[in-house]
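Subject: Structure handover

Hi,

Here is the structure I promised to pass on. Please load it before you read the notes below.

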Amino acid sequence: MRLVIAALALIACHDTPLANLPPLEDGPTDPSYDPRTTDATSASTADTTPTTSSTGDVDSDGDGLTDAQEAQVGTDPLDPDTDDDGFGDRDELEQHTNPRDGGDHPYEGGWPIDACRHDIQPTGNAVGQITADFALTDQHGETLHLHDFCGKEVLLLSSAMWCGPCQDEASDMADLYREYEDQGFLVITLLGENEFGGVPTQRNLQQWADAFGIDHPVVADRNWQVTSRYLRSASFSIPTMHLIGVGAEVLARDTWVGEAQIRNNLP
Ligand SMILES: [Ca+2]
Ligand SMILES: [Ca+2]
Ligand SMILES: [Ca+2]
Ligand SMILES: [Ca+2]
């Protein structure tokens with residue numbers, strides 16, 4: 001299996017741009033190597049290849065990256081989880097998160113993050129434009145970024161907990177997500193208000209997800225800050241939908257999106 005990994009720039013933060021590293025080969029490491037007894041400076045004299053040292057293929061901490069690769073990426077070759085966020089260095093590279101930033105890691109909800117996340121240049125929120133990122137709290141209490149899903153077709157569903165028609169739509173969208181998930185489709189529910197008209201708490205978000213069997217992200221859209229981007233007039237009715245295509249392009253906004261339209265815009 002060939003795996004493409006990404007190298008990190010020197011600044012470790014969520015917005016750190018990623019550059020491509022050469023493809024990473026899976027392969028057996030030297031089983032006789034023991035980092036406790038092997039002197040890294042005593043390279044084999046038989047090895048005359050200038051770019052490969054005797055330690056080049058060694059994975060001292062067993063995280064799946066060789067010491068040489070870790071040097072290139074800037075992670076600790078003696079620590080399988082350099083930033084202590086619970087995700088291994090190689091796993092983070094494979095899942096397009098920063099192994100040197102503990103605040104950046106795969107989602108607890110399991111939604112895959114796309115490599116294009118750092119390459120999106122927003123142009124506006126009208127149909128045909130590239131929409132801006134958002135950062136909203138999901139039902140697991142994590143901060144969800146729209147641009148993390150830039151390789152997918154994303155349906156944003158604006159709802160409120162007190163809204164009867166929103167409850168009817170919730171189960172249908174949960175089913176639609178499961179049907180097309182494997183083809184690069186994601187639903188994100190933007191919950192603007194709880195049943196009392198207040199800002200949804202994390203507990204509210206979990207309640208909404210549990211009530212309708214929702215596996216996709218449910219986020220709190222405080223004061224409709226994200227929904228407002230896509231409205232076509234000052235007054236709006238919920239539920240309403242906004243369809244975001246690959247590369248964060250706005251395909252439709254403040255409307256009802258049917259299954260045929262979703263199928264036609266899958267990646
Ligand atoms: Ca390693
Ligand atoms: Ca490591
Ligand atoms: Ca980590
Ligand atoms: Ca990390």
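This is a predicted model: local features need pLDDT of at least 70, side-chain atom pairs count only at pLDDT 80 or more; totals for chains, interfaces and linings use all residues.

Residues are numbered from 1 along each chain as its sequence is written, chains are lettered from A and ligands numbered from 1 in the order in which they are written, and side-chain values use heavy atoms, with hydrogens and water left out.

**Calcium**

Five residues are of interest here. The calcium ion (ligand 3) is held by Asp81 (OD), Asp83 (OD), Asp85 (OD), Phe87 (O) and Glu92 (OE), at 2.2 to 2.3 Å. Donors are N, O and S atoms within 2.8 Å of the metal (3.2 Å for Na, K and Ca); water is not among the atoms, so sites may look incomplete. The donor spacing in sequence is D-x1-D-x1-D-x1-F-x4-E. Aspartate 83 also bridges to the calcium ion (ligand 4), and the two ions lie 4.1 Å apart.

Aspartate 85 has 15% relative accessibility. Glutamate 92 has 0%.

**Salt bridges**

A salt bridge here is a side-chain nitrogen of Lys or Arg within 4 Å of a carboxyl oxygen of Asp or Glu. The count is eight.

- Glutamate 94 pairs with arginine 90 at 2.8 Å, N to O. Both sit in helix α2 (residues 89–94), four residues apart, about one turn of the helix. Helices (H or I, at least four residues) and strands (E, at least two) are DSSP runs, numbered from the N terminus. Arginine 90 is buried at 8%; glutamate 94 is partly exposed at 31%.
- Lysine 152 pairs with aspartate 114, with the closest N and O atoms 3.0 Å apart. Lysine 152 is in the loop between β6 (143–145) and β7 (153–159), and aspartate 114 in the loop between α2 and β5 (135–137), so the pair ties together parts 38 residues apart in sequence. Both are buried, lysine 152 at 10% and aspartate 114 at 15%.
- Aspartate 215 pairs with arginine 178 at 2.7 Å, N to O. This pair links distant parts of the chain, 37 residues apart: the loop between α4 (202–211) and β9 (218–220), and helix α3 (residues 164–180). Aspartate 215 is partly exposed at 40%, as is arginine 178 at 35%.
- Asp104, Arg117 and Asp148 form a salt-bridge network.

Best wishes

Terms used: Buried means under 20% relative accessible area, exposed over 50%, partly exposed in between (1.4 Å probe, protein chains only).
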